[in-house]
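Before reading on, please look over the sequence and the three-dimensional model. This report describes the spaces in it and one patch on its surface.

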Amino acid sequence: TGAPTDLRAEPLRTDPAPDMASLDMGPMNRGDRMTSENTRATVRALHEEMRERGVEPELEVFNDGHLNEARAIADDLADPPSITLILGPGTLSIPSPRSLLHLVENLPDGAEFTTLGFGRHQLPLTTLSILLGGHVRVGLEDNVYYRRGELAESNAQFVERAVRIAEELGRPVATPAEAREILGLGRGPD
């Protein structure tokens, strides 16, 4: 959205501050009415606020150009970045295996990545992410159908499927403590 930077920074100013927060790497359009401005000045200001409050940024990459912006911020981080690769409609990366492979091949060294595919692309792209050593984001915010023609009942339904797929592919699922360690966050509840 085009909300002023100060308003967007308010969740970072809570006490205690969040451990991690999303930082969109640039503008995007999705549909006729969904636009996120995210100018470089806004991204810099939010990143500075995060640094001051000790909030780990989760860099949200909506297209190839945003990966360039993520690389610039990654150079400024003490630890390798956590990056979410988002594929879907509008000005997002084309939701295809080839696009995901391209994004993964161009990640900054050591980056942890999570894949988010909108709608019907969620299952194939998150499965590929697991195969590539990445993590997944699934749920109703990004996809309301569990399978073609069948509305999902809950976020848990998507998570349970992702866990089954990871286990079938021999990929262990992290505990909350392990996830915090992977993301470079302080120790929280187990």
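## Surface patch, pockets and cavity

Tyr 145 is found in strand S8, which covers residues 145-147. The model shown here is a predicted one, and the values that follow should be read with that in mind. Together with Leu 140, Val 144 and Leu 151, Tyr 145 makes a nonpolar surface patch of about 360 Å². Is Tyr 145 buried or exposed, or does it fall in between? With a relative accessible area of 42%, Tyr 145 counts as partly exposed, because that term is used for values between 20% and 50%.

Rolling a probe the size of a water molecule over the atoms shows where empty space is left. The table lists the spaces described in this report.

| Space | Volume | Lining by class |
|---|---|---|
| Largest pocket | about 800 Å³ | 16 nonpolar, five polar, five charged residues |
| Second largest pocket | about 570 Å³ | 13 nonpolar, four polar, seven charged residues |
| Largest cavity | about 50 Å³ | five nonpolar, two polar, one charged residue |

The largest pocket has a volume of about 800 Å³, and of the 26 residues that line this pocket, Thr 114, His 135, Val 136, Ala 174 and Ala 179 are the closest to its centre. Two or more lining residues come from each of strand S5 (82-87), strand S6 (112-117), strand S7 (135-136), helix H6 (155-168) and helix H7 (176-182), and the largest share, four residues, belongs to H6.

The second largest pocket is lined by 24 residues, and those nearest its centre are Arg 8, Ser 22, Asp 24, Ser 36 and Glu 60. At least two residues of this lining are supplied by each of strand S1 (20-24), strand S2 (28-30), strand S3 (34-36) and helix H2 (40-53). Which of the elements gives the most to the lining of the second largest pocket? That element is S1, with four residues.

The count of cavities of 30 Å³ or more comes to one. The largest cavity is lined by Gln 122, Leu 123, Thr 126, Val 138, Phe 158, Arg 161, Ala 162 and Ile 165. Helix H5 (122-131) and H6 each supply at least two residues of the cavity lining, and H6 gives the largest share of that lining, with four residues.

Definitions and conventions. Residues are numbered from 1 along each chain as its sequence is written. This is a predicted model: local features need pLDDT of at least 70, side-chain atom pairs count only at pLDDT 80 or more; totals for chains, interfaces and linings use all residues. Side-chain values use heavy atoms; hydrogens and water are left out. On a 1 Å grid over the protein atoms alone, a cavity is a set of points where a 1.4 Å probe fits but cannot get out, and a pocket is an open set with protein on both sides within 12 Å along at least five of seven lines; lining residues have an atom within 4 Å of a point. Grid points are joined across faces, edges and corners, and a volume is the space filled by probe spheres set on the points. Ala, Val, Leu, Ile, Met, Phe, Trp, Tyr, Cys and Pro count as nonpolar, Asp, Glu, Lys and Arg as charged, and the others, Gly among them, as polar. Patches are made of residues with over 30% relative accessible area and no salt bridge: like charges are joined within 9 Å, nonpolar side chains (Val, Leu, Ile, Met, Phe, Trp, Tyr) within 5 Å. Accessible areas come from the Shrake-Rupley method with a 1.4 Å probe; for residues, only the protein chains shown count as cover. A salt bridge is a side-chain nitrogen of Lys or Arg within 4 Å of a carboxyl oxygen of Asp or Glu. Buried means under 20% relative accessible area, exposed over 50%, partly exposed in between (1.4 Å probe, protein chains only).
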